[in-house]
Amino acid sequence: MEDKLMSIFLFLVLFCLCNQGNAERCSLSDLAVTQTAVPSSRAEGYTKYTVTVENRCICTQGNIKLSCSGFTSSLGVNPDVLSVDGDGKFCTLNGGRPIGMGPDYAVKFSYVWSSEFSFKPVSSTIACS
């Protein structure tokens, strides 16, 4: 009985050690931003871009800020998905709500403009449970 209790205790200690520090293993580089361009029928010279932001970290990431200096679109973008902050240099993704790991939790939005904007992650809050 004592051996069994000791085995359970050691398993729990190892489990805790293996799972601690997940947040330290996550970073902004775990947020993958991809853009796909398709010609837009809305107006000559404009292109429709579909942007996907995927979290590739096991921990959720919230309060995600993207650089988006000068961002504009001739197609309205849902502010719950992407909103330009007051200074116009950064955008908040997903209303600040966290996104989980993998393509099923990816956040997508589209915009129409004459050129592609760069959306680079600049900050996030990482939460592991």
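Reader: How many bridges join strand 3 to strand 5?

Author: This is a predicted model, in which local features need pLDDT of at least 70, side-chain atom pairs count only at pLDDT 80 or more, and totals for chains, interfaces and linings use all residues. Residues are numbered from 1 along each chain as its sequence is written, and side-chain values use heavy atoms, with hydrogens and water left out. Strands (E, at least two residues) and helices (H or I, at least four) are DSSP runs numbered from the N terminus, and two strands pair if DSSP finds at least two bridges between them. Strand 3 (residues 60-67) and strand 5 (residues 90-93) run antiparallel, and the number of bridges joining them is three.

Reader: Which residue in strand 5 does S67 stand opposite?

Author: The pairing of strand 3 with strand 5 is antiparallel. Within strand 5, the residue opposite S67 is F90.

Reader: Which residue in the turn between strand 4 and strand 5 has a positive phi?

Author: Strand 4 (residues 82-84) also runs antiparallel to strand 5, joined by three bridges, and L82 stands opposite L93. These two strands form a hairpin with five residues between them, and the turn residue with a positive phi, of about 75 degrees, is G88.

Reader: What percentage of the residues of the protein count as buried?

Author: The protein has two helices and seven strands, which run α-α-β-β-β-β-β-β-β from the N terminus on. Buried means under 20% relative accessible area, with a 1.4 Å probe and protein chains only. Of the 129 residues, the share that counts as buried is 32%.

Conventions
Buried means under 20% relative accessible area, exposed over 50%, partly exposed in between (1.4 Å probe, protein chains only).
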